[in-house]
Amino acid sequence: MVSSMQSVCGTLGIDRVDMRGKIVLIEEQHGCDANFLVSALISNALKKNYGLCFVLFHNTFDHYHNISMRTGYNLTALKEKGKVAVVESMKELVCNINAMCMDIDKKVQNSNEDNKCSGMNVVHNLFKLLKESYNEVEKESESVLIIIDDISHLFDLGLSLRDSLYFVRYIRSLMESHSTTQLCIVAHTYEGDLQSCVPDVVCNSLKYMAHLILVVEPLKTGHSSDASGKVTVCWNIDSVRSEYHWTERMIYLYKLLDWHVKIFAPGAMTSVV
């Protein structure tokens, strides 16, 4: 598992590029599993002595702990040392949404305006929790990786596109005042109309601000015993692409196995492991 994570990091290029101040967007298209990319970012960050701040909507902390144990890192132990923090977003959102419903019951005539304000309150409270957790981790680490997994669940809970983009805007403001911060955002997308599918809209918006875009998509030919899907790597930094002679879009295939992942160029018979 350790060697396969090193292989993924090398293929993405994150082991060579200074990731401080960088935003990584992982687009996980419907029917795919992009967890191995998040694990690669975590492994690379821990290797460089980053602290970790998880904002979890989808996978649990135990999920990441179990995977990291296979790569030689104990996230629970690091959490006890203050180098890892977890924001349990779903608990916070449920509390806020319950408060929103009580508010709306009291003020039915202004329900539309209440919804807008309440949505922003949820986002503000969520960011406040993130900032508090970040400050604790920063005491023990010079650099911090923030992981948002995954932002599309904000829409499942009734928050608007505006609310979600404000949440990202708050985090970008945090990064501007803390230049050693790295941000990873996971966004699940669907093959819907870009004008009406909100998760797809926010993902495409995030592509304009991300320094590294990783798109995981299923094989167009359907099931294959040799590959689980396709990964497209796009570096939006001209100087980085020029330094390492990378093209604007680099495409790889990946195969998920029980204990590791293989990643290789299309047509290659041997995986990069």
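Two strands are said to pair if DSSP finds at least two bridges between them, and strands (E, at least two residues) and helices (H or I, at least four) are DSSP runs numbered from the N terminus. This is a predicted model, in which local features need pLDDT of at least 70 and side-chain atom pairs count only at pLDDT 80 or more, while totals for chains, interfaces and linings use all residues. Residues are numbered from 1 along each chain as its sequence is written, and side-chain values use heavy atoms, with hydrogens and water left out.

The protein chain holds 10 helices and 9 strands. Strand S1 (residues 23-29) pairs with S5 in the parallel sense over 7 bridges, and here Ile23 stands opposite Leu183 of S5. Strand S4 (residues 144-149) also runs parallel to S5, joined to it by 5 bridges, with Leu183 in S5 as the bridge partner of Ile146.

Buried means under 20% relative accessible area, exposed over 50%, and partly exposed in between (1.4 Å probe, protein chains only). Because 9 of the 9 residues of S5 (residues 181-189) are buried, this strand is largely enclosed by the rest of the structure. Both of its faces are covered, with Leu183 and Ile185 among the buried residues on one side and Cys184 and Val186 among those on the other.

A nonpolar core is a set of buried Ala, Val, Leu, Ile, Met, Phe, Trp, Tyr and Cys residues joined through side-chain atoms within 4.5 Å. The largest one has 46 residues, and Ile26, Phe54 and Trp235 have the most contacts inside it, contact meaning heavy atoms within 4.5 Å. Helix H2 (residues 35-47) gives this core its largest share, 8 residues.
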